[in-house]
Amino acid sequence: FDLSHFLNLIFRQFTHKAMPESDEQPPPSTPSTASTPPVYIHPRREPFEHGLLPIPKLIFTDGAQTLIPIRDKLLSLSSGSTHRVNFEAIAEAFQISHDHARLVIETIASVLHSDSDPSVTAKTSEIGVNVFDLMMFLYIQSYKRLLPKGHKDSAAVADVWPSTSAFDGFLSALSPLQLVRSNSRRSMPSQADEEAHQLSYLQKHLGNILSLLAESVEGDGEESLVLSMEKLEHLGFLIYFGEKGSERIPLSQNAPFFANSDPEMPAVPVPAAQVHDWLIENIASALTRITERASAKENGPTSASDQDVPMADVSASSVKSAPGPRGPSSIEGISKSSYVRLPNDIKGSSVKVINCHESVIYILAPLKYATVYGCSDATIVLGAVGKAVRIEHCERVHVIAAAKRICIANCRECVFFLGVNQTPLLVGDNHKLQVAPYNTFYSLLEEHLKQVGVDPTINRWDAPVALGVVDPHDSLSHPAGVSDVQTESASPVDPDQFTNFLIPNWFEGQQSGSTKDNPFPLPEAYLASQQRNLKNLEETKNSLKDSDLDESRKREVAAALHVCFKDWLYASGNIRQLYCLQGE
């Protein structure tokens with residue numbers, strides 16, 4: 001009889017029942033009027049954050065020189081006017097496996113700018129992908145992420161993050177990876193810094209990117225390349241026009257040379273050089289704006305929506321997440337606490353959980369994207385994520401996620417309870433990871449899954465794909481040959497160690513759903529183990545209830561169980577959840 005396991009089951013049942021505008025100049029693309037706010041160009045964060053794959057054969061450092069002939073070959077193999085190619089054509093063109101080719105299509109679908117595209121709506125990767133979207137995806141595989149900055153409060157981080165680890169010194173031949181690990185103890189770059197970095201990359205490479213979308217006509221020099229309105233829309237994979245509180249504007253509607261085109265008549269293609277100059281002017285304006293806003297922030301107070309708000313030592317009832325102007329809601333710096341976000345608390349469709357430690361965090365809402373970065377000794381529950389989840393630089397974290405797909409990078413000693421429609425992707429320097437089937441539910445879960453397009457009848461939790469141990473998209477140098485080393489894969493949780501995670505009834509007094517149980521079917525071994533645990537719990541409770549003891553001995557047994565339960569609460573850290581629930 002495992003007393004710790006028994007106490008864990010009692011605790012989970014108990015907690016489940018216990019809870020009942022600025023002065024900036026407008027950009028050149030849009031004249032400023034009293035009724036029209038300035039409209040600036042922005043990079044789409046999704047392909048840069050969730051669309052990079054560490055597959056060496058997909059990374060080209062010679063601009064468009066290699067990609068243009070491949071594009072032409074794929075166009076000759078594509079299907080009619082849709083210009084779609086399947087995984088077999090992609091595998092042949094880049095000399096990669098069919099599995100990696102499917103991974104390419106699935107990754108593009110997860111970050112595509114059009115939710116109505118067939119590759120997004122299809123149930124499988126067999127539908128293929130548009131060649132020009134593929135070119136945009138392939139070109140940015142040369143992108144290098146911005147290095148993390150030092151944490152604002154290094155003392156606070158030191159307080160929650162261990163100074164040494166059993167893994168420090170491991171793989172000494174790969175010593176540059178130690179720097180990657182140390183970055184997990186730093187804060188993520190700010191949204192403004194990341195946006196400026198991405199815009200600068202696009203500014204530098206815009207000529208090559210446009211050449212992949214342009215077509216040749218008779219003429220000399222640059223004037224021989226023209227860009228149609230249809231091809232310009234594929235650039236929407238990387239950039240968009242828009243502002244906070246407004247819809248994103250299709251590029252062709254914002255371009256002065258296409259803005260007034262007759263929808264009944266095909267627009268006349270324009271020289272690619274003209275498009276290039278227009279975009280460069282807008283990017284320069286956007287970069288100037290970012291610099292001015294950063295300077296103003298350093299020299300004086302800013303609006304609440306533009307601040308990076310750290311949150312620590314707070315409970316679910318006393319804190320609000322800090323939404324960025326266009327980016328995800330961020331939940332940062334939660335320490336030794338429980339924290340919950342429900343649908344009405346989330347601004348936008350993306351969430352980032354950053355530098356949270358020794359806490360339990362519930363995000364019970366339908367989302368498109370979620371990122372968990374730099375967390376340790378925490379349990380994080382992600383409700384329903386319809387596009388992609390990324391878990392990066394985490395230690396000893398339990399992640400419970402229902403999602404279309406998940407990528408795990410540079411993590412160690414973490415356990416992932418997954419309900420995922422696509423194979424989990426493992427990249428970077430991972431160690432001692434475990435995976436298990438999804439193990440929880442809340443009343444609105446099935447409604448949220450349907451809303452974001454996650455199918456609970458499909459769960460690929462047990463088929464992780466491990467790629468390179470070195471991420472070529474970071475900004476660090478690595479020893480020769482290291483990029484060919486495959487990262488450590490994840491092992492399945494022993495069915496006998498598998499338990500349900502019961503979520504407190506955070507929706508009490510609000511809209512309630514119909515979900516009464518885990519919608520992801522459990523594999524037979526895990527279901528049998530769960531049934532045995534419940535049977536053992538019930539038998540133990542009945543044995544204690546029916547024991548032939550006098551009142552004095554019953555009080556002694558009850559006191560002993562109370563002491564064991566209390567010791568377990570403190571040893572496991574679950575005592576903090578009870579304090580937070582009591583505060584509610």
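**Figure 1. Helices α3 and α10 are roughly parallel to each other in this predicted model.** The angle between helix α3 (residues 67–77) and helix α10 (residues 191–213) is about 20°, and angles under 35 degrees count as roughly parallel. The two axes lie 10 Å apart. The crossing in which α3 passes α10 is right-handed. On the α3 side, Leu 67, Ile 68 and Arg 71 take part in the contact; on the α10 side, they meet Ser 211, Leu 212 and Leu 213. Of the residues in this contact, four are nonpolar, one is polar and one is charged.

**Figure 2. Strand β11 (residues 350–354) is largely enclosed by the rest of the structure, because five of its five residues are buried.** Ser 350, Lys 352 and Ile 354 point one way from the strand, while Val 351 and Val 353 point the other way. The residues pointing either way are all buried.

Figure 3. Leaving aside residues up to four places away in sequence, Ile 239 touches Ile 41, His 42, Pro 43, Arg 44, Leu 202, Leu 251 and Leu 279. Ile 41 and Ile 239 are 198 residues apart along the chain, and their C-alpha atoms are separated by 6.9 Å.

**Figure 4. His 83 has a positive phi value in a residue other than glycine.** Phi of His 83 is near 55°. The residue lies in the loop between α3 and β2 (84–85).

**Figure 5. Lys 432 is an exposed residue with a positive phi value.** Its place is in the loop between β17 (425–427) and β18 (433–437). Phi of Lys 432 is near 50°, in a residue other than glycine. The relative accessible area of Lys 432 is 57%, and exposed means over 50%.

Methods:
Residues are numbered from 1 along each chain as its sequence is written. This is a predicted model: local features need pLDDT of at least 70, side-chain atom pairs count only at pLDDT 80 or more; totals for chains, interfaces and linings use all residues. Side-chain values use heavy atoms; hydrogens and water are left out. Axes are lines fitted to C-alpha atoms, for helices over the stretch in contact, and angles run from 0 to 180 degrees between N-to-C directions. Helices (H or I, at least four residues) and strands (E, at least two) are DSSP runs, numbered from the N terminus. Angles under 35 degrees count as roughly parallel, over 145 as roughly antiparallel, 65 to 115 as roughly perpendicular and the rest as oblique. A crossing is left-handed if the near helix is turned anticlockwise from the far one by less than a right angle, and right-handed if clockwise. Contact means heavy atoms within 4.5 Å. Ala, Val, Leu, Ile, Met, Phe, Trp, Tyr, Cys and Pro count as nonpolar, Asp, Glu, Lys and Arg as charged, and the others, Gly among them, as polar. Buried means under 20% relative accessible area, exposed over 50%, partly exposed in between (1.4 Å probe, protein chains only).
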